[in-house]
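Good morning, and thank you for coming. Please look at the structure first.

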Amino acid sequence: MIRKKQIRMCSAVTKYTMAETSIVAVVETEEVPDFTERIDHHLSLAELRENYSRARLDESDCETNPIVMFQRWLKDAQVAALKEPNAMTLATATADGKPSGRIVLLKEVSDLGFVFFTNYESRKGQEVKTNPFASLTFYWAELERQVRVEGSVQVVPRAESQAYFDRRPRGSRLGAWVSSQSATAETRHVVEEKLKQIEERFKGIEQIPAPDHWGGYRIIPDSVEFWQGRPNRLHDRIRYRRDSQDKWILERLWP
Ligand SMILES: Cc1cc2nc3c(=O)[nH]c(=O)nc-3n(C[C@H](O)[C@H](O)[C@H](O)COP(=O)(O)O)c2cc1C
């Protein structure tokens, strides 16, 4: 009986706004949670859409150097007080082309490239060892902007990694010693115990060396694309591509 009622209500939902579908879900979830959740989830995603109209991106607004352009957009994201504007999806792949992605934090950007720090023995570390190429994707939803970076990967010199390590809070520095990032851990307890051991090891020591397995990678870009959302899915996409003479070529891509 309840199910019949749900089917009727949910089939009518296609006509409703997002707010109304949510209300239906709240009422019905209590009675048959799995069934309702599945239907509501499906409808919600199909109805979820934004029309982007905040800004435009013209060739005449673009810098000749994509790094300068990126710094401008990153600053816009900072000025807009977005949470973690330096968060980016890092994609790497195995030597035979199986991809993986995860979020990491951009810690430096300059003419030399885009730098993040991690564990060299992690999954991403293993992947870039055999396949030294990666992509970075930034998404600043409130600004309706995306940036995609593609390029080769280099290990950051040791002294530079240590200099950044020294600026991290003590807890993060100890964390780098604790974590065998991406290896399987039996329990959370094992992780906490390892932290206690490391705290004991560095008790009273202010200057903690960065572990050998920890440091930075730099992505040296071959291509950087700036995406600005526009109405009717006809977005602005401007891509900078490095040519054989190391000059940046600016091209507009179809949305
Ligand atoms: C907001 C955010 C920031 C993160 N920043 C980093 C980072 O800078 N470096 C890092 O190694 N992992 C970072 N992580 C964790 C990674 O997403 C990932 O779990 C970890 O690096 C292991 O990835 P892997 O197994 O693919 O190597 C961050 C996660 C989130 C959600």
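Predicted model: local features only at pLDDT ≥ 70, side-chain atom pairs only at ≥ 80, totals over all residues.

Residues are numbered from 1 along each chain as its sequence is written.

Let us begin with the whole chain. The protein chain has eight helices and nine strands. Here helices (H or I, at least four residues) and strands (E, at least two) are DSSP runs, numbered from the N terminus. Of the 255 residues in the protein chain, 21% are buried. A residue is called buried if 20 or more other C-beta atoms lie within 10 Å of its own, exposed if 12 or fewer, and partly exposed in between, with C-beta atoms placed from the backbone. Two residues are in contact if their C-beta atoms, again placed from the backbone, lie within 7 Å. Among contacts in the protein chain between residues at least 6 apart in sequence, 61% join residues at least 24 apart.

I turn now to the core. A nonpolar core is a set of buried Ala, Val, Leu, Ile, Met, Phe, Trp, Tyr and Cys residues joined through C-beta atoms within 7 Å. The largest nonpolar core has 24 residues, and those touching the most other members are F114, F116, L136, V147, V149, I219 and F226. Two or more residues of this core come from each of α4 (66-79), β1 (87-93), β4 (113-119), β5 (133-140), β6 (145-155), β7 (214-228) and β8 (236-242). Which element gives the most to this core? It is β7, with five residues. As an example, take I219: leaving out residues up to four places away in sequence, I219 touches G113, F114, A134, L136, V149, G151 and V153.

F117 also deserves attention, and its place is in strand β4. F117 counts as buried because it has 21 C-beta neighbours inside 10 Å. Apart from neighbours within four places in sequence, F117 is in contact with K107, S161, Y164, G215 and G216. F117 and F165 are 48 residues apart in sequence, and their C-alpha atoms are 9.0 Å apart in space.

Next comes the ligand. A shell of 16 residues surrounds the ligand, and the closest are R102, T118, S122, R123 and S182. The shell divides into six nonpolar, six polar and four charged residues. In this scheme Ala, Val, Leu, Ile, Met, Phe, Trp, Tyr, Cys and Pro count as nonpolar, Asp, Glu, Lys and Arg as charged, and the others, Gly among them, as polar.

S182 is found in the loop between α7 and α8. Most residues other than glycine have a negative phi. S182, although not a glycine, has a positive phi of about 80°. N232, in the loop between β7 and β8, is likewise not a glycine and has a positive phi of about 60°. N232 counts as exposed, because it has 9 C-beta neighbours inside 10 Å.

Let us look at the helices on either side of the S182 loop. Helix α7 (residues 170-178) and helix α8 (residues 188-201) pack at an angle of about 115°, with their axes 9 Å apart. Axes are lines fitted to C-alpha atoms, for helices over the stretch in contact, and angles run from 0 to 180 degrees between N-to-C directions. The contact is made by L174, W177 and V178 of α7 with V191, K194, L195, I198 and E199 of α8. Six of these residues are nonpolar, none is polar and two are charged.

Finally, Q162 is found in helix α6 (residues 158-167). The C-alpha atoms of Q162 and A210 are separated by 5.8 Å, although these residues are 48 residues apart along the chain.

Notes
Near = placed C-beta within 6 Å.
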